[in-house]
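Student: I am new to this structure and would like to go through it with you. Could we take it one question at a time?

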Amino acid sequence: MTVLLPVEPFDEGARQMTTAVDRPPAVEVLSAEKVFANGARGLAPIDLAIAEGEFLTLIGPSGCGKSTLLKLIANLIEPSDGRLLWWRGDFGQVGQEGRRLAFVFQEPTLMPWSRVEANVRLPLEFANMPRATADPKVADAIARVGLSAFNRHFPRQLSGGMKMRVSIARALVTSPNLLLMDEPFGALDEFTRNRLDDDLVNLSWERKLTTAFVTHSIYEAVFLSTRIVVMAANPGRIFRIMTIDHPQPRDQAFRDSPKFAAYCRELSTWLAEASLQSVGGGEE
Amino acid sequence: MKPLFESEVFVRIAAPLAVGVVLFAVWEIGFRLASVPVYLFPKPSDIFTSFVQHGPSLFRALLVTLRVTLQAFVAAVILGTLIAFVFVQSRAIEISLFPYAVLLQVTPVVAIAPLIIILVKNTQLSLTICATLVALFPIISNTTLGLRSVDPGLASFFRMNRASRFKTLVKLRIPGALPYFFGGLRISSGLALIGAVVAEFVAGTGGRSSGLAYEILDAGFSLDIPRMFAALFLITLTGVLLFAAMVAVSQLALSNWHDSETRAET
């Protein structure tokens, strides 16, 4: 079986817009670059568009700026040069109906003094939503991650995977359109990670989410993504982009398929090349 | 159900109690055998007799000391928390004012007590001021530290959701500061008592009578050593009870979530 992998080669001279076809972009990164306060060049100018409904994964060696790029997309940091567009506008209109953004951190970042339901309700409280309106949404989000039996628990009573589920429920409760996740399952064991990946793939499909995801795991990247952006370091840049041509939502059968293995092998080769090109140590 | 003597609570209370009983027994029997005179060092039985004999006056003195202590403690908690809130508003404020808080802390209360007692006519008030000055600093420093120790991940989550300053304070900063605040309470409650007693000593030597410290001074003048011990025991007991109360309050508030108060999972 041959797998055709569309390759968009990295070419600094003639950067081309790397957009998935025929869908309007949710996010456009337009020659955005990041130079840190200490003078380190975190990201070379990057052009990237994330289409509506796409599951885009950022992967690459340490110091390639994948987290930096995700933070730029989340508007947690500002680009040193260039700009970003969200739904063809600036960040000011993010948060309106149909243009909501949610971020899931590497850590669950729950409030240890609050029960699960209070943690999940928090974003709605920020929006000053009345309790009567908020409570069904909270219950729904908690049910969606399978923790209904634990909504009166405190975070410390939950396992690492369950805490991450709460964190995802807290992101879902605002019905986001764009979900940004920074290595959310990095600290979990592989079995738990696979189960959460299964859920995530269904969830993003059901809710028609646009997702940008950072990971270190080749398998996770191939399983979840419609496109994988492989990045290289020194300076942080896009090395190549891989399209995973397999219908969503995906299940265990995809993981067991030869196609999956072929994608993983190819991605692994690309990552090795990206590491080689990340000269100068590439440490974070 | 485990037998009573194996339960955690029982051991926690019984073990120190047993040590106390043994110590008192050794003290009583040893001093009896060596026939140490009462005016040099009294036996527990002498102290108990004195306690019964001077009960009413000791109890009145205890109430005075307790009142000063509690007033000072409450004042220190309110003032200290307010000052901490002011400190965390900006680095500039903290940098400009913190040295003065340290100044307050390092000046021995014995040294400023005479001044305060001369300046403030009302004995009760002057004693409260002295004790407050002693108890204030741990509340300021701990609460400031707590309000600053915000989980960076949660802080970015709040920022990203455009949480108002007020909501960030109520939902993030204050709950996060509670463990530090309660740590401050424990230290401060003990210091309030020490401050009160020291101030009473200073006031007592100046001839203004009040409190357990005055009882000790007065007993010392008349070489009534057992009464000195009885007053001393009351002060110690008060300190222990205050500490226990603070532990209980902190346990009540934090037991659900903070590592310092959560018991090992069974």
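Student: Which residues does A:Val230 touch, not counting residues up to four places away in sequence?

Tutor: First, a note: this is a predicted model, in which local features need pLDDT of at least 70, side-chain atom pairs count only at pLDDT 80 or more, and totals for chains, interfaces and linings use all residues. Residues are numbered from 1 along each chain as its sequence is written, while chains are lettered from A and ligands numbered from 1 in the order in which they are written. Two residues are in contact if their C-beta atoms, placed from the backbone, lie within 7 Å. With that rule, A:Val230 touches A:Ile59, A:Gly60, A:Phe239, A:Arg240, A:Met242, A:Trp270, A:Leu271 and A:Ala274.

Student: Is A:Arg99 buried or exposed, or in between?

Tutor: A:Arg99 sits in the loop between β4 (81-86) and β5 (101-104) of chain A; helices (H or I, at least four residues) and strands (E, at least two) are DSSP runs, numbered from the N terminus. Its contacts beyond four places in sequence include A:Trp86 and A:Asn177. Because A:Arg99 has 15 other C-beta atoms within 10 Å, it is partly exposed.

Student: How do α9(B) and α10(B) run relative to each other?

Tutor: The axes of helix α9 (residues 211-221) and helix α10 (residues 225-254) of chain B come within 8 Å and cross at roughly 165 degrees. Axes are lines fitted to C-alpha atoms, for helices over the stretch in contact, and angles run from 0 to 180 degrees between N-to-C directions. Angles over 145 degrees count as roughly antiparallel, so α9(B) and α10(B) are roughly antiparallel.

Student: Which helix gives the most to the side of chain B that touches chain A?

Tutor: Here 14 residues of chain B are in contact with 13 residues of chain A. Both α7 (152-160) and α8 (165-205) of chain B supply at least two residues of that side. With five residues, the helix that gives the most is α7(B).

Key:
Buried ≥ 20, exposed ≤ 12 C-beta atoms within 10 Å, placed from the backbone. Parallel < 35°, antiparallel > 145°, perpendicular 65-115°, else oblique.
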